[in-house]
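Open your viewer and get the selection tool ready.

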Amino acid sequence: MPQITVDGEVIEVAAGRTILQALDDAGLLMNGVDVPHYCWHPKLTIDGSCRLCQVEVEGIPKLQIACNTPVKDGMVVHTKTDRVKRAREGVMELLLINHPLDCPICDQAGECKLQDYAYEYGVTHARTKEPRRAAKKRVDLGPTIVFDQERCILCRRCVRFCREIPQTGELAVFHRGDRSVIETFPGAELDNPYSMNVADICPVGALTTKDFRFKIRVWFLNDVPGVCTGCANGCNVHLGVATNKVYRYLPRRNDAVNDTWICDAGRMTYKEIGAESRLQRAYVRGPGGLQESGYKAALEHAASRLRALLDAKGPGVIAALASPHATNEDLLQLRRFLDAAGVQNAGVAVPIGPADELLIKAEKAANATGARALGFADAAGVVDRIRGGGVEALIALGHDVLDPAYLGGEAALAGLDTVIVLDTHRSELERVAHVLLPVRVAAEKHGTLTNHAGRVQRVRPAVEPAFEAYADGEVLAKLGARLGLAGFDGKWDVRAVSRALGRECPAFVGVDVESVGDEGRSLATVVAGATTGASV
Ligand code: SF4
Ligand code: SF4
Ligand code: FES
């Protein structure tokens, strides 16, 4: 492999890479070696237009742009010389000549690369007296994005994104020279399943999402690493959290899962965390219908109904549905619960929707693969048995069995003796449930999820529910203890359960909640960590 020297440090690089790519590969870009850049993005083609990434290369008289200069064995690069400093100051001064003085009212303030680089690499005052160029403000580009033409620095990241990633090509540069502007083609809108990524990659406040703009100043947000639960891809995200509320998802780079992108539908799933439709109370069915109940009383009621059935008719009349949204740890606890109770009739109902070749998967749940790895087959068998009259009690984690591919509604459950539902959100199962128990969503608990490719990824609590709710596994631990099941004492230790995954299900060897890290590892085998690092 070629070796280059950057600021005195020798780096081994892959042949055929540019200086900026080599720094990114080594995890050094803006993380030890500062080469500020606007137009370059690790997942887009090279544009070479902003000229901010200029560096000095020994043996070449002129400064070179690091994003488009291929490495050569023995190359010596300097990023901190006076020439480089002056070049950066010049580029920043040019970019700022016409930039509006919008920072106090700009939603990008606090995470703006123009602010950051002006502070780090710019000059302290302007030499121009002329008025700044006026351009269009608040341009509605489509259903998700608002554009401020004055703030645009013409890096063309958004144009290349639309051409190269969703390949919809809605945006282009129109006109020439200092009249150049970004626009959509006449009559066209920026409207594709990944459109909101343009706001993430726009280095300034020119492109903002309608969903997030002006909701909160970004410096109030804490970024908590997590996983999108919108489909089986398990895209890595940052949850932007303030005052116990999730305000947004942003893509978190993981080259093995989602590069630096997420889809718009998945991005919006953060709203489900604090939704009004969350199941916020435990309920027990009484003579007058469902009534609010204390959590403990509801657990007691569920246990007494199940105990009566187990004693009278045995475990053969009980069926269970695993949730493809629950964590691997929750599902191992369900497995243990069913084994201890002798219940064999169990499955997992997985909702299905549209997919594409980029990220979006057909399975609209984050952990269907984990459920299958833990031995839960498709719920079709459970559904047949319910329809055939062979089931008298159902323990349902979630309500996906209502999907048209399974029961298509709750009517088939109306005649059951006992329906116990552990759920995050309200559903029609309320009409037939005898006990309803609120549980936590992935953003409220520790655990792991297994994506479509068998990559086990960690989730952690970003927020606390404002009502009494537990992880599904903890509810099952409490229920098992009340039923007197062997091995159940009511205590829930998610880390211990996670470590037991590998012992009780060999596919999970080496992938517990502590060891998978923030990038995840593949089932059964531990793969080398995926590339991460540089800001995008
Ligand atoms: S709108 Fe943003 S991403 Fe697009 S060219 Fe302008 S500055 Fe770059
Ligand atoms: S592709 Fe799937 S996992 Fe990724 S952001 Fe979209 S819904 Fe979420
Ligand atoms: S990042 Fe190299 S020219 Fe823009």
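Start by selecting ligand 2 and showing what lies around it: Cys228, Gly230, Cys231, Asn233, Gly234, Cys235, Ile262, Cys263, Gly266, Leu359 and Ile360. Colour this shell by class and you will find seven nonpolar residues, four polar ones and no charged residue. Keep in mind as you look that this is a predicted model.

Next, select ligand 1, which sits in the largest cavity.

Is Cys155 buried or exposed? Its relative accessible area is 7%, which is under the 20% cut-off, so Cys155 counts as buried. Now jump to Cys505: with a relative accessibility of 10%, Cys505 is buried by that cut-off too.

With cysteines still on screen, how many disulfides does the structure hold? The count is zero.

Finally, colour by pLDDT. The protein has a mean of 95, and 98% of its residues reach 70 or more. Then select residues 525-536, where pLDDT stays under 50 and the model has 27 contacts beyond four places in sequence. Where pLDDT is low, the predicted coordinates should not be read in detail.

Notes. Residues are numbered from 1 along each chain as its sequence is written. Chains are lettered from A and ligands numbered from 1 in the order in which they are written. This is a predicted model: local features need pLDDT of at least 70, side-chain atom pairs count only at pLDDT 80 or more; totals for chains, interfaces and linings use all residues. Side-chain values use heavy atoms; hydrogens and water are left out. On a 1 Å grid over the protein atoms alone, a cavity is a set of points where a 1.4 Å probe fits but cannot get out, and a pocket is an open set with protein on both sides within 12 Å along at least five of seven lines; lining residues have an atom within 4 Å of a point. A molecule sits in a cavity or pocket if more than half of its atoms lie within 2 Å of its grid points. pLDDT is the predictor's confidence in each residue, from 0 to 100. Contact means heavy atoms within 4.5 Å. A residue is near a molecule or strand if one of its heavy atoms lies within 4 Å of it. Ala, Val, Leu, Ile, Met, Phe, Trp, Tyr, Cys and Pro count as nonpolar, Asp, Glu, Lys and Arg as charged, and the others, Gly among them, as polar. A disulfide is a pair of cysteine sulfur atoms within 2.5 Å. Buried means under 20% relative accessible area, exposed over 50%, partly exposed in between (1.4 Å probe, protein chains only).
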